[in-house]
Amino acid sequence: MTRDRAGDATHVPYGRAPARVIDGPVRPTPGSRTPEATARRAERPAHGPRGAHRRSLAVAIAAGALIGVSISTMNESMGAIDTEFGLSALHEGIVVSALLVGALVGSLGSGLLAGRMGRRRILCLAGALGAAAAVLCAVAPDEAALAGGRCLIGLAMGVTSSVAPVLLADLAPARVRGSLVTAYQVSITVGMLAALALGTGPMGHGGWRLLFVVNALPCIALGLAALRISEAPGDLLARGREGGALEVLRATREPAEAQSEFAALTEARSAPHRSLVRCAADPALRRPMAIAVGAALMNAVVGIGAVVYYSTLVFSSAGLSGDGGARVASLSIGLVNVVMSFVALGLIRRHGRKPLLTAGLAGMAVALGAAAWCQSVGGATAGVLTVAAVLVYVACYAFSAGPLSWVLLAEVLPPELRTRVSGGALALTWAVNLLVALLLPGILGTPGSPDRLAGTFLFFTVVTLLILVLLRRYVPETKDRTLAELRAVLGNRPTASAATPSGPAGDPLGGRSGTSPGR
């Protein structure tokens, strides 16, 4: 300790000589920092962006695995569960759909919970709830306990699907945001394939219970990974911790981007709270809300749920039946989905969201149309050609609508609406998946009719083409734009941040001017 001229004690760090107090400007001794150097040091990330990105990647992998494993746990074990509990067709439907009911409720409640507790804590609780529910399913003595446990797993899954992509986007700079959220989708597909592969093993007496023990592992991993990441800057600002929010932004972004994001978050926080209905009436918010809801629904209405949930039924209707056919149906779809999801990681780094979605949706429409034509015409090769068309459809989905629906949902929403709208949009997605799960068996019939299957494929072809038209007309390119720049573009109001170069190429808008490039 030393004393200044007024007699107050001044702390001197151990091992460093104090600056001499003299009349005139203070001259620091060798080894001390000037105010300019101190300011530059404050702008550097406290732990480095790479460490923060690795922790965010761990959350993305764990969250995706939780969803993927939870969806596919019962695909191959339902026969063993039917045998042990003696389920009727109605009770089997209740046990299967309980997961989607829980996901629907979890998505709806995620916005309210995250607003009160913060998204990081919500993910920790979702992981703990999912693990406890998986253990409950593993020891379930009857169908009621199994359905209740499945509903609780769905609750954790719905909260995770609503919170994780948005939180990951908030913690990532523009240049890695797409890849980070895509890693979440890749992990979903890997988790689905892993659960399907485990399910094809021997399901002796009580063997299906081990699958729910496996289901608990990604839940535990999510809870532990979420403890290691920073809280979202928006959540810190909501609690009045401006310094903490700016520190998190500086630890994950370059200084210029961090300041731009902080200004956008501060502006959003100062805006008065409005209901979603009043926000939808605001022209500056209507477009991003519509794109977010459309992106979430795109993940469900293009028909992927019909293929994933009822792959065995679809392939049987196409002429591929028996135990061998069921395994080919499940594992081939899962394998193609995983491989093309890894391909998507490289494509998303090099290409924009809009070109990839255009190519993927067009390929999906062609594949679905080909499958419908094969089933309507019939013939000796109709079944094989239908299977090939379905696999092409899954491949196109895996590099376009699958990952990019999550990316768009996380990117386009302004900070003040991000949690509330994403929860509602994901709830609509789970509702559509639930509807497909309940209606598709009745639509196809037992055994499945080729004409009905052709009509189903044709319906999803038309829906996919409609989404493609809407994409080309209303959705701008979002690649490599900061969240502040996207707010200006989607709100049709130019701001200083939208015109500020923030990448190695200088202009994040690709050298174009105006408020709606990419149209």
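This is a predicted model: local features need pLDDT of at least 70, side-chain atom pairs count only at pLDDT 80 or more; totals for chains, interfaces and linings use all residues.
**Entry 1: salt bridges**

I searched the whole structure for salt bridges and found three. Side chains of opposite charge can pair when their charged atoms come close.

I took Arg209 and Glu84 to begin with. Their closest N and O atoms are 2.8 Å apart. Arg209 lies in helix H8 (residues 208-228) and Glu84 in helix H3 (residues 78-85), so this pair ties together parts that are 125 residues apart in sequence. Next I checked burial. Arg209 has 18% relative accessibility, so I log Arg209 as buried. Glu84 has a relative accessible area of 29% and is partly exposed.

Then I looked up Arg119 and Asp170. They form a salt bridge, with 2.7 Å between the closest N and O atoms. Arg119 belongs to helix H5 (residues 119-138) and Asp170 to helix H6, so the bridge ties together parts 51 residues apart in sequence. Arg119 is buried at 4% relative accessibility. Asp170 is buried too, at 7%.

I turned to Glu411 and Arg353. Their side chains meet in a salt bridge at 2.7 Å, N to O. Glu411 sits in helix H19 (residues 401-412) and Arg353 in helix H17 (residues 353-377), so the pair links parts that are 58 residues apart in sequence. I find both Glu411 and Arg353 buried.

**Entry 2: cavities**

I counted cavities of 30 Å³ or more and got seven. I listed its lining and got 18 residues; the closest to the cavity centre are Ile71, Asn299, Ile304, Tyr397 and Asn433.

Which elements give two or more residues to this lining? I noted helix H2 (49-72), helix H7 (174-199), helix H14 (304-309) and helix H20 (418-444). I also sorted the lining of the largest cavity by type. It has eleven nonpolar residues, seven polar and no charged.

**Entry 3: a surface patch**

I looked for nonpolar side chains on the surface. Val135, Leu136, Val139 and Leu152 form a patch there, with about 310 Å² of accessible area together. I placed Leu152 in helix H6 (residues 143-171). Leu152 has 32% relative accessibility, so I count Leu152 as partly exposed.

**Entry 4: Pro233**

Pro233 is in helix H9 (residues 233-238). Is Pro233 buried or exposed? At 1% relative accessibility, Pro233 counts as buried. I also checked Pro233 against Gly244, eleven residues apart along the chain. Their C-alpha atoms are separated by 7.5 Å.

Definitions and conventions. Residues are numbered from 1 along each chain as its sequence is written. Side-chain values use heavy atoms; hydrogens and water are left out. On a 1 Å grid over the protein atoms alone, a cavity is a set of points where a 1.4 Å probe fits but cannot get out, and a pocket is an open set with protein on both sides within 12 Å along at least five of seven lines; lining residues have an atom within 4 Å of a point. Grid points are joined across faces, edges and corners, and a volume is the space filled by probe spheres set on the points. Helices (H or I, at least four residues) and strands (E, at least two) are DSSP runs, numbered from the N terminus. Ala, Val, Leu, Ile, Met, Phe, Trp, Tyr, Cys and Pro count as nonpolar, Asp, Glu, Lys and Arg as charged, and the others, Gly among them, as polar. Patches are made of residues with over 30% relative accessible area and no salt bridge: like charges are joined within 9 Å, nonpolar side chains (Val, Leu, Ile, Met, Phe, Trp, Tyr) within 5 Å. Accessible areas come from the Shrake-Rupley method with a 1.4 Å probe; for residues, only the protein chains shown count as cover. A salt bridge is a side-chain nitrogen of Lys or Arg within 4 Å of a carboxyl oxygen of Asp or Glu. Buried means under 20% relative accessible area, exposed over 50%, partly exposed in between (1.4 Å probe, protein chains only).
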